[in-house]
Amino acid sequence: RQRETTLRKAALGLRLLAITDSSDAVGVVDQVRAGFPFSKFVRLEKASGLSRDNLARLLGIPKRTLTRRQNAGRLRPDESDRVLRASKIFELAQDLFEGDAAAATGWLESPQPALGGETPLAFAATEVGAREVEQLIGRLEHGVFP
């Protein structure tokens, strides 16, 4: 049961963001709707090793808006949702590279033929693109090379 909860949190992208007070989707949705504290963005930034500019671009948050959110201390719900999505992509990539964050970041920033030559980071900037990146990671984990 404990392993299931850990795997579920990883699948949702919760492990990286240290969302431990809710193991169910309803609780996570409530937190997203309330807007994450800005510290969740900082946590993702540090764990991923992505530059603030790259991460802001991935999340679709202009730099000036990001500065306002930092000053306010909280992200909006739509921004929180994108932080959660990016966290999931990064966690899946990190798992693909057996916990090596630098290798995961390197792969996310490298053009991939299976994504039409785009980087997984650029491709994952939309929900549809993020799902395709997740599927690509799944295929790579299972040895199905595109």
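Predicted model: local features only at pLDDT ≥ 70, side-chain atom pairs only at ≥ 80, totals over all residues.
How are helix 4 and helix 7 oriented relative to each other?

The axes of helix 4, residues 38-48, and helix 7, residues 77-96, come within 10 Å and cross at roughly 20 degrees. Angles under 35 degrees count as roughly parallel, and helix 4 and helix 7 are therefore roughly parallel to each other. Their crossing is left-handed. On the side of helix 4, the contact is made by Lys40, Leu44, Ala47 and Ser48. Helix 7 contributes Val83, Ala86, Ser87 and Phe90. Sorted by class, the residues of this contact are five nonpolar, two polar and one charged.

Let me now step back to the whole chain. How many helices and how many strands does the protein have? There are ten helices and zero strands, so that, read from the N terminus, the order of elements is α-α-α-α-α-α-α-α-α-α. The protein has 146 residues, and 41% of them are buried. If we take the contacts between residues at least 6 apart in sequence, 54% of them join residues at least 24 apart. The protein exposes about 7,900 Å² of surface, and carbon and sulfur atoms supply 53% of that area.

I return to helix 7, because helix 7 and helix 10 also pack together, at an angle of about 15 degrees. Helix 10 covers residues 127-141, and the two axes are 10 Å apart. Helix 7 and helix 10 are therefore roughly parallel to each other as well. Helix 7 passes helix 10 in a left-handed crossing. From helix 7, the residues in this contact are Arg85, Lys88, Ile89, Leu92, Ala93, Asp95 and Leu96. From helix 10, they are Glu127, Ala130, Arg131, Val133, Glu134, Ile137, Leu140 and Glu141. By class, the contact of helix 7 with helix 10 has eight nonpolar and seven charged residues, with no polar ones.

Which residues does proline 77 contact, leaving aside its neighbours within four places in sequence? They are Val32, Arg33 and Gly35. Valine 32 is 45 residues away along the chain, yet the C-alpha atoms of proline 77 and valine 32 are separated by 5.3 Å. With a relative accessible area of 38%, proline 77 is partly exposed.

Glutamine 70 and phenylalanine 38 stand 32 residues apart in sequence, and their C-alpha atoms are 5.9 Å apart in space. Beyond its neighbours within four places in sequence, glutamine 70 is in contact with Phe38 and Arg52. Its relative accessibility is 40%, so glutamine 70 counts as partly exposed.

Finally, we come to glutamate 98. Where is glutamate 98 found? It sits in the loop between helix 7 and helix 8, the latter being residues 101-108. Glutamate 98 is not a glycine, and still it has a positive phi of about 50 degrees. Is this residue buried or exposed? Exposed means over 50% relative accessible area, and glutamate 98, at 77% relative accessibility, therefore counts as exposed.

To conclude, helix 7 is roughly parallel to helix 4, and helix 7 is also roughly parallel to helix 10. Thank you for your attention.

Methods
Residues numbered from 1 in each chain as written. Heavy atoms only, no water. Helix = DSSP H or I, 4+ residues; strand = E, 2+ residues; numbered from the N terminus. Buried < 20%, exposed > 50% of the residue type's maximum accessible area, 1.4 Å probe, protein only. Contact = heavy atoms within 4.5 Å. Areas by Shrake-Rupley, 256 points an atom, 1.4 Å probe, with all protein chains shown as cover. Axes fitted to C-alpha atoms, helices over the stretch in contact; angles between N-to-C directions. Parallel < 35°, antiparallel > 145°, perpendicular 65-115°, else oblique. Left-handed = near helix turned anticlockwise from the far one by under 90°. Nonpolar A, V, L, I, M, F, W, Y, C, P; charged D, E, K, R; others polar.
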